[in-house]
Amino acid sequence: MPKGFLSFGINIGIKDDTKDFGVIYSEIPCKATAVFTKNNFPGAPVIVGKEHVRSGVLQAIVINSKNSNVATGEKGIQNSREICKIIGESLGIKETLVLPSSTGVIGVPLKMEIILPACKKAKSLLKPGNLEEVAEAIMTTDTRKKISSRNIKTKSGQGTIYGIAKGAGMIEPNMATMLCYILSDVSLPEGTDLYSILKSSVDQSFNCLTIDSDTSTSDTVALLCNGLSGESSVQDFSKTLTEICIDLTKLIATDGEGATKLIELTISGAKNEAQARKIGKSILNSPLVKTAIYGGDPNWGRLIMAVGKVFDEPIPFEGLQIYFGTLPVKEANPETLNKLSEYLKNNTEISLNVVLNVGTISMKFWGCDFTEKYIEENAYYTT
């Protein structure tokens, strides 16, 4: 656990008897940055959070799950500000040092009569570390906690970067993921652009993730560094941060609603990053590709379709190469098709490799298969 962070995750009865409310607090103010959803209807906490993180300093995060403060108008924004105000009073800090987040059902006003009393007693509930409780409290349709951490060298010894995330559905980030909080007790050299470091890691991880092609209204990735373990190099910090973000991305893809298989797709030989992203997302968002992988059906024509439907990025068919694992699929004979089917059926982590042969850029993307359980989960989400 990173030094100087206290937290808790509890149930306050927003929807059921599972944990649904959490707070993270640093003993000292943190250098902070965040990236948020590009959805045109951002949640009230995103609107307020953008205002609060603009200073580059945060000291606390407050999150509720099971009820997203989205599409709630001006009242929702007022509620989000009130939550920050009461948390600030409880912790003895300015409300502008608090980052708010909500996740859950959209369009339902927050139960302020439940949330505000919990905010008032936040200080008394804090415990050192304890971040696993928060990882549980931010879950909605998630089936497991999502946590990744690394030690990192500092000038005075060793520090920690610790990340937690939630997300299982309504996920194709266009900045970040559903909710993710990354905490560290290291500092970086004066003048370091913390936002650029976070954005770079996000672009290599969460922005290469898709579950169902839907960008949430609440997406937030926040990074807080209190510096209590000393200064790290920018290079080491960036590398470690990216590793953690990729870990969390894969955990989210593995836990996609109804998922049985993690898909890791490598696009190589692209002319640029934009082309790789378009084709990567086209493949992983295809219901036909996702269902074929679920059923163990070596229907490689669906991959050809997914590459070809990116109309503004035509790829010469002759140079296109596609592999399931190490098995080539173009013009596969019956024996190879049987091996492909066995590979898809017998593995829970599926590697797809698509070589475009029009350039030198290579990128990785992550997703999951599409099953009956995804439909069951989302057909009756509020009922």
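## Surroundings of Glu 95

Leaving aside residues up to four places away in sequence, Glu 95 touches His 52, Arg 81, Cys 84 and Lys 85, where contact means heavy atoms within 4.5 Å. The model is predicted, with local features requiring pLDDT of at least 70 and side-chain atom pairs counted only at pLDDT 80 or more, while totals for chains, interfaces and linings use all residues. Residues are numbered from 1 along each chain as its sequence is written, and side-chain values use heavy atoms, with hydrogens and water left out.

Glu 95 lies in the loop between helix 2 (73–91) and strand 4 (98–102); helices (H or I, at least four residues) and strands (E, at least two) are DSSP runs numbered from the N terminus. Its relative accessibility of 32% makes Glu 95 partly exposed, on a scale where buried means under 20% relative accessible area, exposed over 50%, and partly exposed in between (1.4 Å probe, protein chains only). Glu 95 and Cys 84 are eleven residues apart along the chain, and their C-alpha atoms are separated by 5.1 Å.

## Cysteines

Cys 84, one of the residues that Glu 95 touches, is buried at 0% relative accessibility. A disulfide is taken as a pair of cysteine sulfur atoms within 2.5 Å, and by this rule the count is zero. Cys 84 is in no disulfide, its nearest cysteine sulfur being that of Cys 119, 8.6 Å away.

For Cys 30, the closest cysteine sulfur belongs to Cys 225 at 7.4 Å, which is too far for a bond. Cys 30 is likewise buried, at 1% relative accessibility.

## Packing around helix 10

Helix 9 (residues 287–295) packs against helix 10 (residues 301–308) at an angle of about 155°, with axes 9 Å apart. Axes are lines fitted to C-alpha atoms, for helices over the stretch in contact, and angles run from 0 to 180 degrees between N-to-C directions. Helix 9 is therefore roughly antiparallel to helix 10; angles under 35 degrees count as roughly parallel, over 145 as roughly antiparallel, 65 to 115 as roughly perpendicular and the rest as oblique. The contact involves Leu 288, Val 289, Thr 291 and Ala 292 of helix 9 with Arg 302, Leu 303, Met 305 and Ala 306 of helix 10. By class, these comprise six nonpolar, one polar and one charged residues, with Ala, Val, Leu, Ile, Met, Phe, Trp, Tyr, Cys and Pro counted as nonpolar, Asp, Glu, Lys and Arg as charged, and the others, Gly among them, as polar.

Helix 8 (residues 273–284) also packs against helix 10, at about 140° and with axes 8 Å apart, so this pair is oblique. Ile 279, Ser 282 and Ile 283 of helix 8 meet Leu 303, Ala 306 and Val 307 of helix 10. This contact has five nonpolar, one polar and no charged residues.

## Helices 6 and 7

The axes of helix 6 (residues 194–203) and helix 7 (residues 234–254) come within 9 Å and cross at roughly 40°. Helix 6 contributes Leu 194, Ile 197, Leu 198 and Ser 201, which meet Val 234, Phe 237, Ser 238, Leu 241, Thr 242 and Cys 245 of helix 7.

## Positive phi in loops

Lys 66, although not a glycine, has a positive phi of about 75°. Lys 66 sits in the loop between strand 3 (57–64) and helix 2 and is buried, with a relative accessible area of 11%.

Asn 357, also not a glycine, has a positive phi of about 60°.
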